[in-house]
Amino acid sequence: MEKYCGSGTNLASLSKEDITTWLKSFDCVLTDCDGVLWVYTNTIKGSPEVINKLSDVGKRVFFVTNNSTKTRAEFLEKATNMGYNVDTENILSTAFLVAQYLKGLNFQKKVYIVGSTGIARELDNVGIRHTEVGPDVLESNLTDLVQKGFTPDPEVGAVVVGFDEHFSFPKMFKAASYLNNPDVLFIATNTDERFPMPGFVVPGTGSIVKSVETCAERPAFVIGKPNPYICDHIQKSYGIDPKRTLMIGDRCNTDILLGKRCGFQTLMVESGIHKRSDLEEWAKSKCTFEKSINSIKSNNNMVKYSDGPFCLNQAKKSEIKQWLNSFDTVLSDCDGVLWLGDRVLPGSPDVINFFKSMGKQVYFITNNSEKIRSEFVQKAQRLGYKVDATNILSSAYLAAAYLKERNFKKTAYVIGTSGISRELKMAGIKSIGGGPDPLKNSIEELLHKDFTPNEDVGAVVVGYDEHFSMPKLTKACAYLDDPDVEFIATNADEREPSHYIIPGPGPIIASIENCSGREATIVGKPSPYICEYILKHANVTPDRTLMIGDRCNTDILFGKNCNFQTLMVESGINNHHDLEEFMASDDEEIQRLVPDFYCKSLGSLLPFFK
């Protein structure tokens, strides 16, 4: 059937003779389950009869599912109850494959599971120890969890992520904490963005994996479709001939892509995720199924560093004087530059106040969305900084300003802290959401009973939220299924500045983007919006402005995007070792993360000013 290879031929358009020829072209059938054989608990009409007929005429049939919520025995029970003739050996689930993969590695340690009982039971079947599954909600606050409630288990040697309807901020935090050890394996069952369920948006495993990857700053090894492991396992374990194998699926970026990668014939059914209209759209596109990472583009000229950024700690006093005279405005990040948590960074207030005494404009620019501007003023003044609200730009304030500028009159659904809700209220914008929202029963009950979408919601606003949960993810994606609903995020920081691995808003945004298929408008650093806002509302000359920050992919990149001078301090996220890596990269976008200047901390510059 080579003449049909990659053609997207509709089988219904073929003659009976051609169908007979097609049926003779394969001996083995691999079929997806959800969206092909059934949708949730409902059998897809006619599917059992077709699958059983293929078995009856001598075809070897395997059920290959990315669903990790059940064991093979449970899938067998479900399939036979629906009328499919199949046995356990012909069912390949990702929970089973994870257990087989670890068994093949002779894994002797313990697994931290973000997932359901399917993974736990399959691990039990091969004698691998694991943590418990089920709810893990934040009982009080993150500080208590970090300092009192969580002691990492030294026996954990792998993190396995699958579908978990009880996914929560504490689980993300714990997974990322374990993965901070490069020797801990990071395995994901699959990366499906959504579950096929008519009329509802149900986040898939991919949304969970994306959030953990973003926070851990590590890619997962993916077991399920469309990745090479499952392909190798099928060929080695069952001796199938790829050229005489048919892959049936409803999702092109997993089922069909697996078939393409393995050299199988492929058949897409329209009873699940993708439709013929999708095929027609892709046929016109030059893009492949694999998604590339979008980098922030800029029209700025690339700055080349022959000797690297200049270290101010090694400067002469005359060079410091020349540097001080080169800028009139100072924009400073807060966390990691001026303070760390509630602790002031020594010497930073003196340096900032020195800048002000020289007549320089000073603005505090923070991606932290937890407080309103007046609370940042109180904190800054308590720590010794001379500042007022007009000189503070927080991402919560900017989110409200963004909507207000657009004359937004509807309601915003907020995933975040009260800082966002209160800034919205001060801008005259109604909001819902915020606070704890754990799963009460099941995702099915949430969708059918517990959640009624608010028809007035016209925007989803996302920031840092230690109460992030599967219900919040599900509700955000339900609202964002309407293309007229705005999707706004305060910032995309992967982690909060801390000695611990604290997830920032970035992992939350990544999970929502993955499920919704939409890209958030970021109002914080390093996005274009904050740059436009500052140039519009402040008396700033770009080449006479200094941006100070500790995080290169937000603070320094923001400065580059605005043509500001840039100074990185090593008191927060990045350090000079990172700069060496950035400079050694062949990627121009990575090289743009290199600042003009760096120093140990703001306080380390104080001796030069005396």
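## Basis of the description

The model is predicted: local features need pLDDT of at least 70, side-chain atom pairs count only at pLDDT 80 or more, and totals for chains, interfaces and linings use all residues. Residues are numbered from 1 along each chain as its sequence is written, and side-chain values use heavy atoms, with hydrogens and water left out.

## Overall form

The protein chain contains 23 helices and 30 strands. Along the principal axes, the C-alpha atoms fill a box of roughly 90 × 50 × 50 Å.

Of the 610 residues, 57% are buried. Here, buried means under 20% relative accessible area, exposed means over 50%, and partly exposed lies in between, with a 1.4 Å probe and protein chains only. Contact means heavy atoms within 4.5 Å. Among contacts between residues at least 6 apart in sequence, 73% join residues at least 24 apart.

## Surface and charge

The protein chain exposes about 27000 Å², and carbon and sulfur atoms supply 48% of this area. Accessible areas come from the Shrake-Rupley method with a 1.4 Å probe; for residues, only the protein chains shown count as cover.

There are 67 positive and 78 negative side chains, and the centres of the two sets lie 2 Å apart. Lys and Arg count as positive and Asp and Glu as negative, while His and the chain ends are not counted. Each charge is placed at NZ of Lys, CZ of Arg, CG of Asp or CD of Glu.

## An enclosed helix

Helix 10 spans residues 252-262; nine of its 11 residues are buried, so the helix is largely enclosed by the rest of the structure. Among the buried residues are Cys 252, Asp 255, Leu 257 and Cys 262. Their cover includes helix 9 (228-238), strand 13 (245-249), strand 14 (265-268) and helix 11 (276-284). After helix 10 comes Gly 263, which has a positive phi, near 80 degrees.

## Disulfides

A disulfide is a covalent bond between the sulfur atoms of two cysteines. In this model, a pair of cysteine sulfur atoms within 2.5 Å is taken as a disulfide, and the count comes to two. One joins Cys 231 to Cys 262, with an S to S distance of 1.8 Å. Cys 231 lies in helix 9 and Cys 262 in helix 10, so this pair ties together parts that are 31 residues apart in sequence. Both Cys 231 and Cys 262 are buried.

The other disulfide joins Cys 531 to Cys 562, with an S to S distance of 2.0 Å. Cys 531 belongs to helix 20 (residues 528-537), whereas Cys 562 is in the loop between helix 21 (552-561) and strand 29 (565-569), so the pair ties together parts that are 31 residues apart in sequence. Cys 531 counts as buried at 9% relative accessibility, and Cys 562 does so at 3%. With bonded cysteines counted along the chain, the disulfides follow the pattern 1-2, 3-4.

## Cysteines without a disulfide

For Cys 311, the closest cysteine sulfur is in Cys 599, 7.4 Å away, which is too far for a bond. Cys 311 is buried, with a relative accessible area of 10%. Cys 477 is in no disulfide either, and the nearest cysteine sulfur, that of Cys 515, is 3.4 Å away. The relative accessible area of Cys 477 is 0%, so this residue is buried.

## Two buried loop residues

Ile 501 is in the loop between strand 25 (495-496) and strand 26 (502-503), and counts as buried at 9% relative accessibility. Leaving out residues up to four places away in sequence, Ile 501 touches Phe 173, Ala 176, Ser 177, Asn 180, Cys 215 and Arg 495.

Phe 150 is in the loop between helix 6 (142-149) and strand 8 (156-161), and counts as buried at 12% relative accessibility. Beyond its neighbours within four places in sequence, Phe 150 is in contact with Leu 145, Phe 173, Lys 174, Ser 177 and Tyr 178. Phe 150 and Lys 174 are 24 residues apart along the chain, and their C-alpha atoms are separated by 8.1 Å.

Key: Helices (H or I, at least four residues) and strands (E, at least two) are DSSP runs, numbered from the N terminus.
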